[in-house]
Amino acid sequence: MTADLSKGSRVSPLAAPLSAADIDEAAKRISGVVTRSPLQFNERLSDATGANVYLKREDLQAVRSYKVRGAFNLMAQLSPEELAAGVVCSSAGNHAQGFAMACRSMRTHGRVYVPAKTPKQKRDRIRYHGREFIELIAVGSTYDLAAAAALDDVARTGATLVPPYDDVRTMAGQGTIAAELLDQLDDEPDLVIVPVGGGGCISGITTYLAERASGTSVLGVEPAGAASMIAALAAGQPVTLDHVDQFVDGAAVARAGALPYAALAAAGDMVSLTTVDEGAVCTTMLDLYQNDGIIAEPAGALSVAALLEADIERGSTVVCLISGGNNDVSRYNEVVERSLVHLGLKHYFLVDFPQEPGALRRFLDEVLGPGDDITLFEYVKRNNRETGEALCGVELSAATDLEGLLARMADSDIHVELLEPGSPTYRYLT
């Protein structure tokens, strides 16, 4: 799914509230705290696409994501009175770590609201970076519920809110990524691929490139299950999604930010947006780890996943933003599972076995192929019934083996139902 923004002139999309000069000032402001992240040429991805592919490694920040840029830039501009009143943020995890680091650096007390499903690894890192200056509060099942709790806190206590994306100071800090990468390359890139959650990072990068580069395009990437910015552009204003897949937690936002939306809506043809399936994200995460030694979180792998699906001009220079590396190792079972399903190597079936001796043996001998492996088998014998259903997970050695497996199932006297990914039954059983 791809959205091309309406045509427009190549000018700063938020000329009044945010400019490249503001981003240059932000770069000076945060220079003592934020790492100048490496821009690394990647031979594997360059060979795969025919382009010259560079990875902007924001996963190598002290907080393992770019979010510290926006949080520190905003807090560094607060008055002593605002800092004394305390600061509050909501986050899926990464913004909170940057916020926590800024709080400890500035010796300011802050409260962090995160969704209850935020991975333990991210919660532990928030506490580590903030130490005694941070109170962590887990509330609600989604980022948006955590954000509502943070707003309620600000209304009750008079504390200062530090937004993760919908504030020009946050956007300016995150836009410093573009200032760095232009300085790190001999020539300006042809394309910069950026993950999109609330939109603060891509709007800051777009603002800077619109003024400081003459021909660079930007591709924003959302997870297919949380395409809030594409929905906003289609509707002509930010809208709230009815459902959000929380897997790509760093970009799982139900409603895009108003200011980032305005930036992208006005950006013209230098920007386009696309989505990537969560399974493709998982495959990319595994490839980055196994081939490049990069531990990317789901949102951090979005740009490379989109690169591999996009129509990239051979010989062009492309920069992919690896936005974060805060990945909980306990999630890797799910990462592998989603990747196998995406690649067509993992399938689930409901098998209606005759309740008679030898039924399972016939299934193994007559239906499964030599390279098929049963990875899940759940069966409960029913009394007073001639058949009993079993949930069976099968991993194939090649995606093309599915056709033969289905043909053998059709020829068998055992009734088998393929469970389709995304169906209610599939989600419930797996």
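Hi everyone, thanks for coming. Before anything else, please keep in mind that this is a predicted model.

Let me start with the salt bridges. The structure holds 23 of them, and I have picked out a few. As background, side chains of opposite charge can pair when their charged atoms come close.

My opening example is glutamate 180 with lysine 56. Their closest N and O atoms are 2.7 Å apart.

Now please move along to helix α15, which runs over residues 359–367. Here arginine 361 forms a salt bridge with aspartate 365, with 3.6 Å between the closest N and O atoms. How far apart are arginine 361 and aspartate 365 in the helix? They are four residues apart, so about one helical turn separates them. Aspartate 365 is exposed, because its relative accessible area is 54%, and the cut-off for exposed is over 50%.

Arginine 362 has a salt bridge too, with aspartate 413, and again the closest N and O atoms are 3.6 Å apart. This one links distant parts of the chain: arginine 362 is in helix α15, aspartate 413 is in the loop between α16 (401–411) and β15 (415–419), and the two are 51 residues apart. Aspartate 413 is exposed, at 60% relative accessible area. There is also a network to point out: salt bridges with shared partners join Lys56, Glu58, Arg69 and Glu180.

Where does glutamate 188 lie? You will find glutamate 188 in the loop between α8 (168–184) and β8 (191–195). With a relative accessible area of 30%, glutamate 188 is partly exposed.

There is a nonpolar surface patch as well, made of Leu360, Phe377 and Tyr379, and together they have about 240 Å² of accessible area. Phenylalanine 377 is placed in strand β13, residues 373–379. Its relative accessible area is 33%, so phenylalanine 377 counts as partly exposed.

To finish, here are two residues from the inside. The lysine I would like you to look at is lysine 122, in helix α6, residues 120–130. Lysine 122 is buried, with a relative accessible area of 1%. Which residues does lysine 122 contact, leaving aside its neighbours within four places in sequence? They are Ala92, Gly93, Asn94, Gln97, Asp249, Gly250, Glu297 and Asn326.

The other is glycine 98, in helix α5, which covers residues 94–106. Glycine 98 has a relative accessible area of 0%, so it is buried. If we set aside neighbours within four places in sequence, glycine 98 is in contact with Val63, Lys67, Val68 and Ala71. One distance to note is the one to arginine 127: from C-alpha to C-alpha, glycine 98 and arginine 127 are 11 Å apart in space, and they are 29 residues apart in sequence.

That's my tour, and I'm happy to go back to any of these spots with you. Thank you!

Notes. Residues numbered from 1 in each chain as written. Predicted model: local features only at pLDDT ≥ 70, side-chain atom pairs only at ≥ 80, totals over all residues. Heavy atoms only, no water. Buried < 20%, exposed > 50% of the residue type's maximum accessible area, 1.4 Å probe, protein only. Patch = residues over 30% accessible without salt bridge, like charges linked within 9 Å, V, L, I, M, F, W, Y side chains within 5 Å. Areas by Shrake-Rupley, 256 points an atom, 1.4 Å probe, with all protein chains shown as cover. Salt bridge = Lys/Arg side-chain N within 4 Å of Asp/Glu carboxyl O. Contact = heavy atoms within 4.5 Å.
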